[in-house]
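Hi everyone, thanks for coming.

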Amino acid sequence: MEKLKQAHIAELKRFAQQRAAMRRLWNIDEPTALLLYHLTAAQKPEHILEVGTSNGYSTFWLSLAAETCNATVETIEVEASRFALARENLAQRTNIIQYQALAEEQIPRLRHRYDLVFIDAGKICYISYIKLLMDKLNHGALIIADNVISHQSTVQDYLDFVRGHPQFESMKLNIDAGLEISRFKKE
């Protein structure tokens, strides 16, 4: 992992500078990014979806992990300035497809089935995202939702859904703002 970090140190510094300089950039912290990288590499997905790009920091880590299994990352960002910033930040990455759209409108238009989904967008909409994604998940798909501790009351409908639905096995991980990690099972 140290080699990986050293090879991309300039990109990682740029993300840190942007986060410090700009308001409303929601980036996961480095331990969460490393966990996301390792979970993605272990899952060996073919198609990855990220809901909520921000400036592209988590997308960058997903893209690095996707290289280990020749996967593609699709990412959705609604806000124009964050989308543009992410496009600039990720210009050198060749395995990313970016959409500037409202996730609730873009998800139904997606063509692939996903093996891994990272959700870190409008917290109140997590429940909408997962319901829209149900028919776009492969058996064994991993869904990782951020901010389940920091925004627990806002994402409670989502948590109740993935914890109570028979097609999901789910657990909370107490790291940074909290992650809910769910595995999808086809009925």
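This is a predicted model: local features need pLDDT of at least 70, side-chain atom pairs count only at pLDDT 80 or more; totals for chains, interfaces and linings use all residues.

**A tour of the fold**

Of the 187 residues in the protein chain, 53% are buried. The secondary structure consists of 8 helices and 7 strands. As for contacts between residues at least 6 apart in sequence, 70% of them link residues at least 24 apart.

Now to the sheet. In what order do the 7 strands of the open sheet come? Reading across, we have β3-β2-β1-β4-β5-β7-β6, with mixed pairing. The edge positions belong to β3, residues 96-100, and β6, residues 168-173; each has a single partner strand, so one side of each has no neighbour in the sheet. From one strand to the next, the twist averages 15°.

If you want a pair to click on, Phe168 sits opposite Phe184 in β7. Over on the sheet's helix-covered part, α5, residues 80-89, packs against the sheet and touches β2, residues 72-77, as well as β3. The direction of α5 makes about 165° with that of β3.

The strands β1 and β2 are parallel, paired over 5 bridges, and His47 has Thr72 in β2 as its bridge partner. Together with helix α4, residues 57-67, these two strands make a right-handed β-α-β unit. Moving on, β2 and β3 also run parallel and are joined by 5 bridges; there, Thr75 is partnered with Gln98 in β3. The crossover from β2 through α5 to β3 is a right-handed β-α-β one. As for β2 itself, 5 of its 6 residues are buried, so the rest of the structure largely encloses this strand.

My next stop is helix α7, residues 126-133. Which strands does α7 lie across? They are β1 (47-51), β4 (114-119), β5 (137-146) and β6, and α7 runs at about 170° to β5. Its buried residues are Tyr126, Ile127, Tyr129, Ile130 and Leu133. These residues cover an arc of only 160° around the axis, which puts them on the same side of α7. What do the buried residues of α7 pack against? Their partners are β1, α6 (103-106), β4, β5, α8 (152-164) and β6.

I'll finish with two backbone details. Most residues other than glycine have a negative phi. Lys44, however, has a positive phi, near 50°. You'll find Lys44 in the loop between α3, residues 30-43, and β1, and its relative accessibility of 60% makes it count as exposed. Asp176 also has a positive phi near 50°. This residue belongs to the loop between β6 and β7, and Asp176 is partly exposed, at a relative accessible area of 45%.

That's my tour, and I'm happy to go back to any part of it.

How values were computed. Residues are numbered from 1 along each chain as its sequence is written. Side-chain values use heavy atoms; hydrogens and water are left out. Two strands pair if DSSP finds at least two bridges between them. Helices (H or I, at least four residues) and strands (E, at least two) are DSSP runs, numbered from the N terminus. Axes are lines fitted to C-alpha atoms, for helices over the stretch in contact, and angles run from 0 to 180 degrees between N-to-C directions. Contact means heavy atoms within 4.5 Å. Buried means under 20% relative accessible area, exposed over 50%, partly exposed in between (1.4 Å probe, protein chains only). A crossover is right-handed if, with the strands pointing away from the viewer, the path from the first strand over the helix to the second runs clockwise. The arc is that of the directions from the helix axis to the C-beta atoms.
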